[in-house]
Amino acid sequence: MSVPVALAMILAGGASPELSVLTEVRSEAALPFGGKYRIIDFPLSNCVNSDIYNVAVLTQYQPRSLNEHIGIGRPWDLDRAHGGVHLLQPYLSRPGETGAWQEGTADAVRFHLDFVQEQSEDLVLILAGDHIYKMDYRPLLRYHVEQRADVTIAVRSVNPYEAHRFGMVTADPDGRVTQFEEKPRRTRSTLASMGIYVFPRDLLVHWLTGPGQTHRDFGREVIPAMLEAGKRLYAYTFLGYWVDVGTVQAYWEAHMALLAETPALELHDPEWVVHTKSEERPPVLLGPDAHVETSLLSDGCRIEGTVIRSVISPGVHVAAGATVKDSILLTDADVRAGAVVDRCIVDKHVLIGEGAHVGSGDENTPNRDMPHVLNTGLTLVGKGAEIPPESVLGRNCVVRPHVKARTWSDRMIPSGTTVPA
Amino acid sequence: MWQNLDYVSERRADTVMVLSGDHIYKMDYRPLLAYHQEKEADVTIAVMNVPVEETHRFGILTVNRQGRVVEFTEKPKERDKGTLANMGIYAFRAGVLHECLPRYAQQYSDLDFGHHVIPTMIAEGYRLYAYRFDGYWVDVGTIQAYWETSMALLDPDSPLQLYDRAWVVHTRSYERPPAKLGPQARVARSMICNGCIVRGRVERSVLGPGVYVSPGAVVRESVVMNDTWVGPGAVLDRVIVDKQVVVGAGVQLGCGNDVGVPNTTYGDHLRTGITVVGKAAHIPPNIRIGRNVVVHPHVDEEDFVSYGDEVPSGETI
């Protein structure tokens, strides 16, 4: 059987407050990952590696980073005359219409149904822009057609303690979905929806304009209602690595997992290249006293000090005598001589002054402004911030983006503190 | 250039720059062109000062006080011609190319800028000017120069300044993941590209994209190109290894102290101790390979059989 042809719609508009200062300046889909990538690179690359060359990216929250990154889609071979990548922005459809801001995944798609109807593909593949995984969508599309399904949902098994974070699916032995529970407190199901759906185009259009026209969200409303209406919903089980880095801790853990000798997410796989927009940068330069172990180093970085178990983005400079441990350093961060960065996520263009110690001590007081977000000992430094020389920051601290060194009133920042802009 | 003059006339440009494709330097051509215009020159030649003992390797320009070229001597034996060396970078008034090249081509079948065009133009009274360039410039025309130029990149104050964001050197890059250094990796004073996986030791070396250095392997003072695989326990010392080479486990590549034994086939070029391995060659496990050895491209494991477990210095495979 030949592979059915699908239009992919990547939902990349959601705000992600759980990621604190990292998503203050960009959408989660545009968040850097794995040194040189952004999260959107994974679904985009999955599409082209699965021969899907008609891809819409639906943006809303802080879309500028994403727009600049995707451009006309050249790194993914999506700059083409037919199909290619379409960046779909929110817009006001009629003068005076209120509430044009999209309020969920189904709402976002409904906004662009006119676009969907113009496309020639019979199937629509709905994807999330903020998941990290490598997946060939072709078997999923084939399965959908074979089962003569109305909707196919990609699922993966999760531990029972994680079930409350996901839409949980129960399926009969043939794979037909019998129950769908959105973020249940208790469930016997272990199959979590990955937020990946295959719809026949006409059914999607019909449902979102007809019976489900008030539905805002696929997981919360559309899928349960379709099940209720007796539609043929099927679950397709995916066995590979998949992660939704929706929290600071998950983001950090996913990076640390890349450092394993045989990581679950293998980036060095010539058969499944993850494409991204790379700036032209020289090779990595390691100085005479550099010491680097168990780390990823992106091009353009210069390491003269010590880097251990860390992921380093392009253009980062670690000066002689500085130590970076168990951390993520994003593009062009500059760690000056003698500084120590321990269990931190440091955003782009951050300057860490000489002898500063970021992530210090054993005191694990949760962050006072967002105790539910930062309570695992990770310290965050926002984009473009400056850490003054010889200052000491504890755990679970947040430095707001663009804080200048001269505005710091105190150089001893205890655990759990937010340094305001 | 003479054979492509019709292309030049189609361009409608009034100045033609002639550059070499095999020099390594960063140069803003705009001041040179401005100088060319200011002097109303027919040709402006970029020159650099070289030590007097090296003048015999270059075309040497002798200039008057206005910078006008009065004499050009290709590789002079005497040391009285000055120290301004021709860099092979020329700005020509387009009309001059049309006037001169067809005539000179009648005289010389192997028409060369340095040997024929420039000296004849001086003799015919054209206005030739020398433009001084003070930056870093290398013609990596020998194995030794290529190796030295690569090693110079590792100096934190490297004259080439690849890390200058204001003068980016562009290239076609394949999409490769960040370089990965494993828990046993020890890398110092080196340059490594995207897609490398280093699990052994790398010292004073340049690794191209996708190079794999196995645990226990050592790469020292070497240049290793794209996707070469270095097996466990292999030791590379002062070697230049081309793309897609397989260096078997336990191989010693570039070993022994007899660095002075020149290569028996290419003795002119390989006499400084550097061993060179051609593209996609396969080197069988546990063999020892000496200095100044050349392994030709696509050589296979079987090609080493007659050597047993040691290839002496100066051999060519």
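These notes go through the sheet, the domains and the chain contacts of a predicted model.

1. Basis. Residues are numbered from 1 along each chain as its sequence is written, and chains are lettered from A and ligands numbered from 1 in the order in which they are written. As this is a predicted model, local features need pLDDT of at least 70 and side-chain atom pairs count only at pLDDT 80 or more, while totals for chains, interfaces and linings use all residues; side-chain values use heavy atoms, with hydrogens and water left out.

2. The sheet in chain A. Strands of a sheet pair through backbone hydrogen bonds, either parallel or antiparallel. In chain A, 7 strands form an open sheet with parallel pairing, in the order β15-β18-β21-β24-β27-β30-β32. β15 (291–293) and β32 (412–413) of chain A are at the edges with a single partner strand each, so one side of each has no neighbour in the sheet. Helices (H or I, at least four residues) and strands (E, at least two) are DSSP runs, numbered from the N terminus. Two strands pair if DSSP finds at least two bridges between them.

3. One pair within the sheet. Strand β27 (residues 357–358) and strand β30 (residues 392–393) of chain A run parallel and are joined by 2 bridges. Which residue of β30(A) is the bridge partner of His357(A)? The partner is Val392(A).

4. Domains of chain A. The domain assignment gives chain A domain 1 (6–258) and domain 2 (285–419); such bounds come from an automatic or database domain assignment. The centres of the two domains of chain A, taken over C-alpha atoms, are separated by 33 Å. In chain A, 19 residues of domain 1 are in contact with 28 residues of domain 2, where contact means heavy atoms within 4.5 Å.

5. The area between them. The size of an interface is often given as the accessible area lost when the parts come together. Domain 1 and domain 2 of chain A bury about 2000 Å² between them, and carbon and sulfur atoms give 68% of that area. Buried area here is the accessible area (1.4 Å probe) that two parts lose on being put together, summed over both.

6. The rule finds 2 salt bridges across the interface of domain 1 and domain 2 of chain A (a side-chain nitrogen of Lys or Arg within 4 Å of a carboxyl oxygen of Asp or Glu). Arg400(A) and Glu24(A) form a salt bridge, with their closest N and O atoms 2.8 Å apart. On the side of domain 1 of chain A that touches domain 2 of chain A, helix α8 (residues 248–258) gives the largest share, 7 residues.

7. Chain B against chain A. Here 35 residues of chain B are in contact with 39 residues of chain A. The two chains bury about 3000 Å² between them, 53% of it on carbon and sulfur atoms. Tyr163(B), Glu175(B) and Lys180(B) supply 24% of the area that chain B buries against chain A, more than any other three residues.

8. Lys36(A) and Glu175(B) meet in a salt bridge through their side chains, at 2.9 Å from N to O. Chain B and chain A also have 22 residue pairs in polar contact, both residues at pLDDT 80 or more.

9. Strand β16 (residues 295–297) of chain A and β9(B) run antiparallel and are joined by 3 bridges. In β9(B), Lys180(B) is the bridge partner of Leu296(A).

10. Domains of chain B. Chain B is divided into domain 1 (2–139) and domain 2 (144–311), with C-alpha centres 37 Å apart. These domains of chain B bury about 730 Å² between them, 72% of it on carbon and sulfur atoms. Ile24(B), Lys26(B) and Tyr136(B) lose the most area in domain 1 of chain B to domain 2 of chain B, together 76% of what that side buries.

How values were computed
Polar contact = N/O pair within 3.5 Å; in protein donor to acceptor, adjacent residues only side chain to side chain.
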